[in-house]
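Keep the view open as you read.

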Amino acid sequence: MRVQVAIIGAGPSGLLLGALLHKAGVDAVIVEQRSADYVLGRIRAGVLEKVTVDLLQEAGVADRLLAEGLVHDGIELSFGGARHRIDFEALTGKHVTVYGQTEVTRDLMHAREAACLQTIYEAADVAPHGFDGTHPTVTYRKDGVAHTIACDFIAGCDGYHGISRASVPPASLKTYERIYPFGWLGVLSDTPPVSPELIYSNHERGFALCSMRSMTRSRYYVQCSLDDKVEAWSDDAFWDELRRRLDRAAAETLVTGPSIEKSIAPLGSFVAEPMRFGRLLLAGDAAHRVPPTGAKGLNLATADVGYLARALAEHYAERSDAGLDTYSQRCLRRIWRAERFSWWFTGLMHRFPETGEFGRKMQAAELDYLVNSTAASTALAENYVGLPLEG
Ligand code: FAD
Ligand code: DHB
């Protein structure tokens, strides 16, 4: 097989890149190690910035998102037994859209199928080769048969544990990492959300987040220990813990029910520089990870893909490599800003056992400042709603 771009990974990055390249008349194939159902079974992000909504619209896959996505003009911060609203619309004139990553992925998969674009699922031993030269290839096995895809470029959209970044010689890569000493236990349930807007709660028992997927489906998280096992958390234990970490009004309003998904995610910050190695370009979680507090992971991934799709389209349509040459630098500026915001918001909202009572007092003072200073609230709102794509 020969294509212009071989994409490794059918998560949101790979699927969106495939859709944008198709619009630009660039032919691409996607190779994914899992099945489509497995990819759709992963419950992850839920908050979309304008940049993500715009790119999905550009790719022609935003009809359901625009009809069903929930526009949120603000969030609430809960601490000291009370809630304080951060009004995005008043502070920045912008909003975010609540629509699950699973649904974004489903819409992209359907559009791909409808356009008869090829995705090879359940591909084993996927590997990129020759990207430092002019004739890269991607090899894989499917049903025991070996295959080779010849291409001009390889897009590494295969997430944090993927093969793309792992195939780059270590000397060509600089990585930056921070692991947090706790995780998030998440529950999805067919119950109405406790409140119309997201609640981020700083509580002495640990962080909690109330989010949603629709007016009948809720997504909740509580900070948990890295030693916690999901099987050891009954639904009742989860609801009790969540209730304890909310203000009284929210705790009394909370509607509980059976969980339809429950999982634990570790929290980490990670950046690999650069994001281009000859004809291999990394995008999304393959190149970086943020703790989920700032809701940036998915939005950073789509922004990378926005730059990458434009750069590849320019390469073919205008014979210009300007976009490819500046790809890494443009993405990394945005990535480091999101890393800083996610690190700061994580530090402000979670319980860090090692910082003790002094650390708790510092958090309380900063939260007090945050909700009483227009400048500080505006900075939070600006970072949360996100930046437009430059250029
Ligand atoms: P991924 O979604 O990881 O997709 C990569 C794809 O590549 C996968 O389908 C994978 O199966 C495939 N792949 C991997 N290795 C190979 C290989 N060798 N060959 C072929 N295919 C391969 N962000 C938020 O904003 N809020 C959240 O609450 C949140 N929760 C998260 C929970 C978890 C457990 C994780 C891991 C991430 C979470 N994120 C969250 C981050 C967000 O979901 C990611 O930033 C987003 O999924 C990135 O998309 P991606 O397409 O780059 O990578
Ligand atoms: C969700 C996840 C996040 O990490 C976040 O900051 C907000 C919402 C969610 O899954 O809905």
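## The cavity

The largest cavity has a volume of about 70 Å³, a volume being the space filled by probe spheres set on grid points joined across faces, edges and corners. A cavity is a set of points on a 1 Å grid over the protein atoms alone where a 1.4 Å probe fits but cannot get out, and lining residues have an atom within 4 Å of a point. The structure holds one cavity of 30 Å³ or more.

Its lining includes Gly11, Pro12, Arg42 and Thr105. Helix H6 (101-114) and helix H2 (36-41) each supply at least two lining residues, and H6 gives the most, with three.

## About the model

This is a predicted model, where local features need pLDDT of at least 70 and side-chain atom pairs count only at pLDDT 80 or more, while totals for chains, interfaces and linings use all residues. Residues are numbered from 1 along each chain as written, chains are lettered from A and ligands numbered from 1 in the order written, and side-chain values use heavy atoms, without hydrogens and water.

## The sheet

Now find the open sheet: six strands in the order E8-E2-E1-E12-E19-E18, with mixed pairing. Strands E8 (119-120) and E18 (276-277) stand at the edges with a single partner strand each, so one side of each has no neighbour in the sheet. Strands (E, at least two residues) and helices (H or I, at least four) are DSSP runs numbered from the N terminus, and two strands pair if DSSP finds at least two bridges between them.

Strands E1 (residues 5-8) and E12 (residues 153-156) run parallel, joined by four bridges.

Methods
On a 1 Å grid over the protein atoms alone, a cavity is a set of points where a 1.4 Å probe fits but cannot get out, and a pocket is an open set with protein on both sides within 12 Å along at least five of seven lines; lining residues have an atom within 4 Å of a point.
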